[in-house]
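Look at the sequence and the structure side by side. The report below takes one part at a time.

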Amino acid sequence: MTERTETRAASPDARDVLAVRGLCKSHGRVRTLDAVDLDLKPGERVALLGHNGAGKTTLMKLILGLWTPSGGEIRVAGAVPGSAEARKASAYLPEAVAFHRALTGREQLTLFARLAGAPVKTVGELLERVGVADAADRRIGTWSKGMRQRLGLAQVLLGRPRIALLDEPTSGLDPISRHDLYAIIDEMAQNGTAVLIASHALTEVEARTDRIAIMRKGRIVADDTLARLSARAELPIRLRLTAQNDDASEVHARIGGERINGASVELLCSPETKMQRLAHIAALGDLVIDVEMAPPSLEDLYRHYSQGDRT
Amino acid sequence: MMTRVLAVAAAELRIARRNLWVLMASVIMTLFALALTFAGAAPTGALGVDLLTVSVASMTTLSVYLAPLLALMMSFDAIAGESERGGLALLLTYPVSRGEILFGKFLAHIGTIALAMVIGFGAAGMAAALSGGAGTESLTALLRLIGTSILLGAVFLALGYALSAAVSSPTAAAGLAAGLWLIFVVLYDLGLLGAVVYDNDGFFTRRIFPWLLVLNPADAFRLWNVGASENVALANGMTGVAGALPGWSAPVSLLLWPLAAFVLARQIFRRVQP
Ligand SMILES: Nc1ncnc2c1ncn2[C@@H]1O[C@H](COP(=O)(O)OP(=O)(O)O)[C@@H](O)[C@H]1O
Ligand SMILES: [Mg+2]
């Protein structure tokens with residue numbers, strides 16, 4: 001770890017609500033986090049993407065002060081993780097939320113509100129806000145998984161945290177619940193809460209976050225906006241041509257590429273050569289009856305960074 | 001600090017009530033105490049003491065077994081269970097210290113035990129007093145029995161938290177709890193008894209054995225109840241040992257144990273990384 005950390009900027013931006021520097025964690029002889037750097041500013045929504053076992057949950061537990069790091073440094077709202085100050089500033093939605101089956105939703109949330117020092121009267125509003133007000137006075141043991149996830153989200157909203165760490169918040173949610181979840185995340189961000197969302201559900205994250213950090217085997221391998229990550233990856237644009245009369249052999253012969261089936265040819269080109277390619281295709285005239293163009297998807301991008309085939 | 005402790009205690013008390021712990025503990029104590037009181041009614045005349053005294057003596061023996069058992073059954077799951085369900089990690093991200101969590105749970109559990117003791121021993125004591133008479137001394141003995149039973153419960157609650165924090169699964173905690181009960185309540189005494197027989201009334205038996213006995217909270221509980229009342233001792237057949245120790249030894253042991261066990265539990269809980 002040392003080599004890496006020393007070369008990084010030593011002093012984090014004072015505005016950052018989260019600053020992680022050179023963070024390492026070993027479980028026995030296995031290194032699960034290796035020289036991780038990460039910053040979050042107030043109101044920023046950051047997606048933390050990575051395969052299972054990449055180290056997302058480990059990173060969150062270290063930020064929360066639940067586990068002790070093997071090396072490196074973390075500051076949460078300027079405080080040491082686990083300190084009273086850091087705990088007040090942060091909120092957490094665990095990967096698989098479990099509450100006490102014998103308590104009702106309202107009782108469970110009231111307990112959390114008291115511990116957080118938040119006014120107990122907000123409990124009813126929050127239950128309403130996440131859409132479980134109807135079940136509030138039933139035991140959690142009778143609730144569905146989605147409802148428990150919503151209760152988990154309600155406790156994140158308690159006391160207006162400065163940073164929220166959501167571990168796989170969309171797992172087990174139906175599409176409508178997901179939509180509600182992201183609406184709540186947006187609202188939190190607008191109120192100045194920094195939100196870190198660990199996920200491998202790429203599709204929603206795309207439009208909903210300001211920045212994407214990709215983890216692979218305990219390292220952050222990319223951390224930037226989606227647009228810049230795409231540009232840097234230089235992933236090819238995919239052009240698919242449909243030939244006249246279901247016969248692609250002549251198109252293939254004149255323009256190259258790869259035949260997909262009898263009627264189609266697929267070409268890859270860089271963003272810079274795109275227009276030139278299109279001109280060639282136009283020159284083929286009637287031979288081509290349709291052109292489809294697909295920019296690199298988040299999926300491609302994710303695969304690119306998370307499998308380490310960078311140049 | 002107190003609001004957080006009370007918040008945890010309130011939630012825990014609700015859980016104990018819904019899990020029927022409160023009801024079960026009270027019913028068990030009442031049934032056993034009543035049964036013993038009336039089974040012990042026979043030798044009253046021979047010893048020349050009232051029925052309540054005899055009843056307190058036999059309920060002392062009962063409590064040595066039941067109070068630790070009830071306490072361990074309530075406490076073994078306290079941390080291991082929460083940790084396995086994943087609720088512990090979330091709880092610990094709140095601004096509440098581990099000592100406060102533990103103390104909140106303790107308040108709820110000791111309240112449940114106290115209620116069971118008061119109801120169970122109270123009912124049996126009342127029945128004995130009504131049918132066989134009672135005096136000031138036997139009433140004091142009954143109150144002492146209830147108080148010391150609660151203390152004994154406190155010791156084993158805290159020991160239960162300690163082992164619940166030491167292992168990661170509730171099943172392992174349950175096994176350890178059973179072992180702990182067996183050691184403190186049965187094996188320790190058996191071992192000492194063996195040593196006494198072997199020693200044949202030598203130095204060990206007269207000088208060391210009583211102190212070893214009072215070191216065990218379960219025996220300190222017995223000695224306190226026996227030592228404080230001659231009549232209870234008479235009915236219990238423990239006059240010898242009680243006489244060999246200063247009067248303060250059993251109370252000091254039984255009062256220090258809950259504190260020491262709680263500190264131990266908190267130390268172990270501090271190391272847990274959920
Ligand atoms: N308590 C633990 N003991 C040993 N290894 C662990 C422990 N927790 C996590 N790991 C390992 O750390 C790595 C990262 O796990 P995790 O942070 O849960 O990944 P993710 O949340 O990205 O799926 C995995 O290889 C996992 O096996
Ligand atoms: Mg995970």
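## About the model

This is a predicted model, in which local features need pLDDT of at least 70 and side-chain atom pairs count only at pLDDT 80 or more, while totals for chains, interfaces and linings use all residues. Residues are numbered from 1 along each chain as its sequence is written, with chains lettered from A and ligands numbered from 1 in the order in which they are written.

The model scores ipTM 0.89 and pTM 0.86. Confidence in chain B is lowest in helix H3 (residues 44-47), at a mean of 54. It is highest in helix H14 (residues 249-271) of chain B, at 96.

Helices (H or I, at least four residues) and strands (E, at least two) are DSSP runs, numbered from the N terminus.

## The build of chain A

Chain A has 12 helices and 13 strands. Its C-alpha atoms fill a box of roughly 75 × 50 × 35 Å, taken along the principal axes. The domain assignment gives domain 1 (2-231) and domain 2 (236-295). Such bounds come from an automatic or database domain assignment. The centres of the two domains of chain A, taken over C-alpha atoms, are separated by 45 Å.

Of the 311 residues in chain A, 40% are buried. A residue is buried if 20 or more other C-beta atoms lie within 10 Å of its own, exposed if 12 or fewer, and partly exposed in between, with C-beta atoms placed from the backbone. Helix H11 (residues 274-283) of chain A has 10 residues and 0 of them are buried, so it lies largely in the open. After H11(A) comes A:Gly285, with a positive phi near 60 degrees.

## Where the chains meet

How many residues does each chain bring to the contact? Chain A brings 22 residues and chain B brings 20 residues. Two residues are in contact if their C-beta atoms, placed from the backbone, lie within 7 Å. On the side of chain B that touches chain A, helix H1 (2-18) and helix H6 (87-91) of chain B each supply at least two residues. The largest share of that side, 7 residues, comes from H1(B). By class, that side of chain B has 10 nonpolar, 6 polar and 4 charged residues.

## Nonpolar cores

The largest nonpolar core has 159 residues. Such a core is a set of buried Ala, Val, Leu, Ile, Met, Phe, Trp, Tyr and Cys residues joined through C-beta atoms within 7 Å. In this core, A:Leu18, A:Ile63 and B:Ala158 touch the most other members. Helix H8 (residues 136-166) of chain B gives the most to the core, with 16 residues. A second, separate core of 6 residues includes A:Leu239, A:Ala248, A:Val251 and A:Val265.

A:Leu196 is found in strand E7 (residues 194-199) of chain A. Is A:Leu196 buried or exposed? A:Leu196 counts as buried because it has 25 C-beta neighbours inside 10 Å. Leaving aside neighbours within four places in sequence, A:Leu196 is in contact with A:Leu40, A:Val46, A:Leu48, A:Leu165 and A:Leu166.

A:Ala35 is not a glycine, yet its phi is positive, about 50 degrees. A:Ala35 is found in strand E2 of chain A. It is buried, with 20 other C-beta atoms within 10 Å.

B:Leu20 also has a positive phi, near 65 degrees, in a residue other than glycine. B:Leu20 sits in the loop between H1 and helix H2 (21-39) of chain B. B:Leu20 is exposed, with 10 other C-beta atoms within 10 Å.

Technical notes
Ala, Val, Leu, Ile, Met, Phe, Trp, Tyr, Cys and Pro count as nonpolar, Asp, Glu, Lys and Arg as charged, and the others, Gly among them, as polar. pLDDT is the predictor's confidence in each residue, from 0 to 100.
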